[in-house]
Amino acid sequence: MLKRFRSLFRVLTRRREFEDGMTEELSFHIEQYTDDLVRSGMSREEAARVTRRELGSPINIKADCRQAFGIHLLDELRRQLSYAIRLLRKSPGFTATALLTIAVCFGANLTIFAVIDSVLLRPLPFPEPGRLTTIFNTYPKAGVERDGSSLTNYYERRGNVPAFTSLAIYRYGTEIVGEPGSTERDQTMRVSPDFFSTLGLGPVIGRSFTEEETTSETDHVAILSDTFWRQRYNADSNVIGKQIRVNSVPRTVIGVLPPAFRFLSSDAQLFLPLASRPEDRTPSQRHAGGNVIQMIARLQPGATLAQAQSEIDAQNASLEADDPQAKMIADAGFRSLVVPLHADHVVAIRLTLLLLQAGAMALLLIGAVNLVNLLLVRASGRVKELAVRQALGAGRGYVVSEVVVETTLLTLVGGLLGLVIGAGGIHLLGMLGVDRLPLGSRIAFDGRLALVALLAAIIMGIVFAVPIAWFNLRRHLGNALQSESRSGTSGRATQFLRHSFIVSQIALAFMLLAGAGLLGLSLLRAMAVSPGFQSDHVLTGHILLPWADYPDGPSRLAFAEKLMDKVGPLPGVLYAGVVNNVPFSGKTGKSAATVLGHILRPSESARGHYSYGVGGDYFHAMGFSLRSGRFLTADDSAGSTRVCVVDEDFARYYWPNASAIGGRLWDGSEVGKDNEAFTVVGVVGGVKQAGLTEDYAQGAIYYPYVFRIEDSFFVAVHTTLPPESLGLALQRVVRQIDPDIPVNDLRSMETRIADSLVARRSPALLAGLFSGIALLLTAIGTYGVLSYAVAQRRREIGLRMALGAQPGHIRGQFLYLFLRLLAGGVLLGVIGAWLTSQAMQAVLFHVPPFNLAILTSALCIIALVSLAACLLPSSRAARISPMDALAEE
Amino acid sequence: MAKTAELLPGTLDMLILKAVSLKPLHGYGVLLRIRQISRDALEIPQGSLYPALYRLEHHDLIAAEWGQSENNRRAKYYTLTAAGRRRLRDETAGWNRLASAIAVALSTTSEEV
């Protein structure tokens, strides 16, 4: 088979040579034969005559020879192609509409498919990625859905779960890298020694981390990403052994990763050992995860998730047996879940993406229906021509292949334009911030996508050809030839087909509109949610203090205080404060608190709360509202007074019938010493911590900064100026205190909130765009079909008007036909919208899936648009002059 | 001239392969060679000769190359390929089986039934 293609290809590339050779060979034969005949005594004329008779026509022989090579098919194709091009050029309006329809629908699908492909379909860049899993602790009854894993989990599980070949932990971070004065903050990952072997992809130069490098005394090593190695070390192959300063501490480079190494969505440039102390690995720390450390594991070949899950469950059960807190842990609904790594990483956007692809498909379907309708109209205009050609001997195969060539030509050219639109669409998605979605940075327009597009275009071409070919073949030659006009031959079947096309178009457009409405309303409702603080004029930034220079609480506190002193007097600054974590930072972590006098009810478990240390004028800077009592002040921190502020959700939960002021609580999951209790001095309004759509208020506690000093903190500044304009000043101030320290993630609170909605805004925008296009296509389709119906019945209308029918009557007749189609479409559409809204439930926010207002508006929009599209042809029908209509033909 | 027989369908290919297997030949040479080895007993339809040659070449059973003819004209010479040689062997064996089976069948007398 392959050989034959090769031989055909050889001939096609040297077609001239093939033809000349054939001619030469035949004339050689003729000459030789004639000469031989003459030699045997024949006259030259007689010999030439005999040769011609015995050989036959050289033209026929050549045709047979071409056929032997399969070239005749390609010649045929070329002929049909040029015929199709000629036809398409003859009707530029139709061609332009068709190409544009295909291009837009195709482009929309390609854009979404590019996202689906890179986020959901393309496997992670590791060997046998299907065997990679992640394991995390969950305490659903304590309101902690996801708590990562603890160091203890890792050391207890490592090598003890037979379903896994290996198991590793990692944590994301940012570190200050470089020599004093030229430092930069880089994304990093701290990983356990088996991290790379679990993934199956490790350093290509040098080595991985060892077990000995997991203590803070011995962890002075680093592995570089390929990008980092190329940019900072100029791809120096002797980089191993060089020193690199990370957080002011020199580390030795021991390895360089391959270019393809990319762990999930992380942009880590530097990999460091995840060091810990022996006391961090003890059973008492088993539940101290805090969603900071994450665990991955590779399944044994052939092992299943269920198997791994049951082994983990069994191990947890036996370990918890002698845990003093076992009851509390069990009450919290504790489990460690094993889930596929890739699926888990993209779980939040999977449904949205699939819904968008379904929307794009619906769009494609509408476009396809339009196109088939247009093609059918065209085909019925060519009935006679086709009948004549069939009568002259064009075979069925020929008729079919002619249609296929034409439709495939259309879809291929439209598909090419669609590629351009798709590339633009992907660019647009980039501007919408889609690259911030999980695995979003992989989204690219590549050869793989182009190949899919090409295949889809060919398949579409063939699918489009089916109804047209059916239409062309089913008519009887005689009828077509006899009937005097193109209107004579519209069968009931084709009319039914056309009408059901319109009905399905309206139904699909209705579904798209309703879906877009639900997404849009969800977005509006989410945007209308108050974050609980004043988000305008607040600038926030993240600061990380290097361990080496700021090893303990006092030095870190001193930095924060110095910062407050210097930021306060900056021009335009009203208030400034520091906090461990600002809302909408993308980081969340909850910890337990124990309230004096609160006794757990039987079904109740200890709860995790957002817990913060706040310094400076944080509450004023963020515009928190005070419900009762007072805010924390700088004096509370300076005086180390054991006071705290809680939010109203926390207060309502623990003191439902009384004032929270004066209440006492401990930071931790146990009742502590009396002198370690914090007294509640104020209650502030509830604040959305993780996102506007966060529905369940978990409660928050704010301690004076001195009690919760961490190496990483945020600074918040309330200013009278546009917040972004203060960024440089803030950076300058920080550099004045310590030139090594950059301010990272500088964003106004308004930007943070807007960014948090990206997963809602882009889908709503896209769905809106899709339904807009769908409406346009439906309008075109309705217009086309009704215009055709009018043109077809021109004579009938003319006759009826000649017999006294009123124009209004004629118009009414077409409006009635349209209303019937609309009613059918909307009925189907409502059913479809109900089904899709069920599927959409998980992505909706405070919108019931069956929203009457949305359905009604969708109905109004679609009715108005399609009515407009129908008015033109029906009033044209009403204006038909009986004389002209009857005089035609 | 001796009495000639019509070619059975499918046998032209076999004869071409046989002719070419003896010595590389141009198209006209193939015609002459078949006539010669069949002792003029077979009538070759000249119009079918070239399509058959092209088909065999396309199927890689014979290979073609331009060369010089006896009278110094440019001519296309055909040679047997390895696949062609295999095919010729198979077809010859098949033909012999068929021919002897038919011969046996046709020589049956009424006493042997």
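What you see is a predicted model, where local features need pLDDT of at least 70, side-chain atom pairs count only at pLDDT 80 or more, and totals for chains, interfaces and linings use all residues. Residues are numbered from 1 along each chain as its sequence is written, while chains are lettered from A and ligands numbered from 1 in the order in which they are written.

- The mean pLDDT (the predictor's confidence in each residue, from 0 to 100) of chain A is 87, and 97% of its residues get to 70 or more.
- Helices (H or I, at least four residues) and strands (E, at least two) are DSSP runs, numbered from the N terminus.
- Over residues 484-489 of chain A, pLDDT stays under 50.

**Domains of chain A**
- Chain A splits into domain 1 (2-69), domain 2 (145-331), domain 3 (347-528 + 758-887) and domain 4 (546-740); the bounds come from an automatic or database domain assignment.
- Taken over C-alpha atoms, the centres of domain 3 and domain 4 of chain A are 56 Å apart.

**A closer look at strand S11 of chain A**
- Seven of the seven residues of S11(A) (residues 538-544) are buried. A residue is buried if 20 or more other C-beta atoms, placed from the backbone, lie within 10 Å of its own, exposed if 12 or fewer, and partly exposed in between.
- Both faces are covered, with A:Val538, A:Thr540, A:His542 and A:Leu544 on one side and A:Leu539, A:Gly541 and A:Ile543 on the other.
- S11(A) pairs (DSSP finds at least two bridges) with strand S20 (residues 712-719) of chain A, antiparallel, over seven bridges. There, A:Val538 stands opposite A:His718.
- S11(A) also pairs with strand S21 (residues 743-748) of chain A, again antiparallel, over four bridges; A:Ile543 has A:Val743 as its bridge partner.

**Where the chains meet**
- The contact (C-beta atoms, placed from the backbone, within 7 Å) takes 19 residues from chain A and 15 from chain B.
- On the side of chain A that touches chain B, H2(A) gives the largest share, eight residues.

**Chain B**
- Chain B has four helices and three strands, running α-β-α-α-β-β-α from the N terminus.
- Of its 113 residues, 29% count as buried.

Terms used:
Contact = placed C-beta atoms within 7 Å.
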